[in-house]
Amino acid sequence: MIKLKAIQGKEKGSIFRCNGKVVEIGRAPSNTIVLRDPMVSWRHGVVELKRGRYLYRDLASKNGTTLYQNKKRCVMKGSIQAKTIGKNNELLLGATVLKVMHISFSPAKKKTKGKGAAQ
């Protein structure tokens, strides 16, 4: 589960809790997170859960995405390569800033040996 909070823009104060492995962000009504910001593309970016990490990838948006991570700024525009995101990172899409508030993963199922199993 990833929880994002809009801290700037038209959606300011909105909290988005997403449980899926793929979270699409943009203006299109079919996106998981729909932003009303006219500077955000129809299909702006995507957050994906892969190999136990959340990754963000810009989907060739018109204005790109800026990722703020540990006081570093990374501009992504039409980026083929995804960037790992974590708690307190911020994504600037158009005039909207989404802050990563929480990340959690479903616990992996543990394999257990039955008692009294033949050896």
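Two strands count as paired here if DSSP finds at least two bridges between them, and the strands themselves are DSSP runs of at least two residues, labelled E and numbered from the N terminus, just as helices are DSSP runs labelled H or I with at least four residues. With that in place, let me start with the sheet: 5 strands form an open sheet in the order E4-E3-E5-E6-E9, and the pairing within it is mixed. Strand E4, residues 33-34, and E9 stand at the edges with a single partner strand each, so one side of each is left without a neighbour in the sheet. As a reminder, strands of a sheet pair through backbone hydrogen bonds, either parallel or antiparallel.

Before I go further, a word on the source: this is a predicted model, in which local features need pLDDT of at least 70 and side-chain atom pairs count only at pLDDT 80 or more, while totals for chains, interfaces and linings use all residues. Residues are numbered from 1 along each chain as its sequence is written, and side-chain values use heavy atoms, with hydrogens and water left out.

Taking the chain as a whole, the secondary structure comes to 0 helices and 11 strands. Buried residues, meaning those under 20% relative accessible area, with exposed being over 50% and partly exposed in between, for a 1.4 Å probe and protein chains only, make up 35% of the 119 residues. If we take contact to mean heavy atoms within 4.5 Å, then among contacts between residues at least 6 apart in sequence, 39% join residues at least 24 apart.

Now to the strand pairs inside the sheet. E3 and strand E5, which covers residues 45-50, pair in the antiparallel sense over 4 bridges; in this pair Glu24 stands opposite Val46, and Val23 stands opposite Val47. E5 also pairs with E6, again in the antiparallel sense, over 6 bridges, and here the bridge partner of Val47 is Tyr56 in E6. The hairpin of E5 and E6 has 2 residues between the strands, and Arg51, which lies in the loop between them, has a positive phi of about 50° although it is not a glycine. Arg51 is exposed, with a relative accessible area of 84%.

Asn88, placed in the loop between strand E9 (83-85) and E10, has a positive phi of about 75° although it is not a glycine, and at 47% relative accessibility Asn88 counts as partly exposed.

Which residues have the most contacts inside the largest nonpolar core? A nonpolar core is a set of buried Ala, Val, Leu, Ile, Met, Phe, Trp, Tyr and Cys residues joined through side-chain atoms within 4.5 Å; the largest has 20 residues, and those with the most contacts inside it are Ile2, Ile25, Ile33, Val47, Tyr56, Ile85 and Leu98. Strands that each supply at least two residues of this core include E1 (2-8), E3 (22-26), E6 (53-58) and E11 (96-103), and the largest share, 3 residues, comes from E1. Ile85, leaving aside its neighbours within four places in sequence, is in contact with Ile2, Val47, Tyr54, Tyr56, Leu67, Gln69, Val100 and Ile103.

I would like to finish with Asp58, whose place is in strand E6. Counting Lys and Arg as positive and Asp and Glu as negative, with His and the chain ends not counted, and taking a salt bridge as a side-chain nitrogen of Lys or Arg within 4 Å of a carboxyl oxygen of Asp or Glu, Asp58 is buried yet has no salt bridge, and the nearest side chain of opposite charge, Lys77, is 8.0 Å away.
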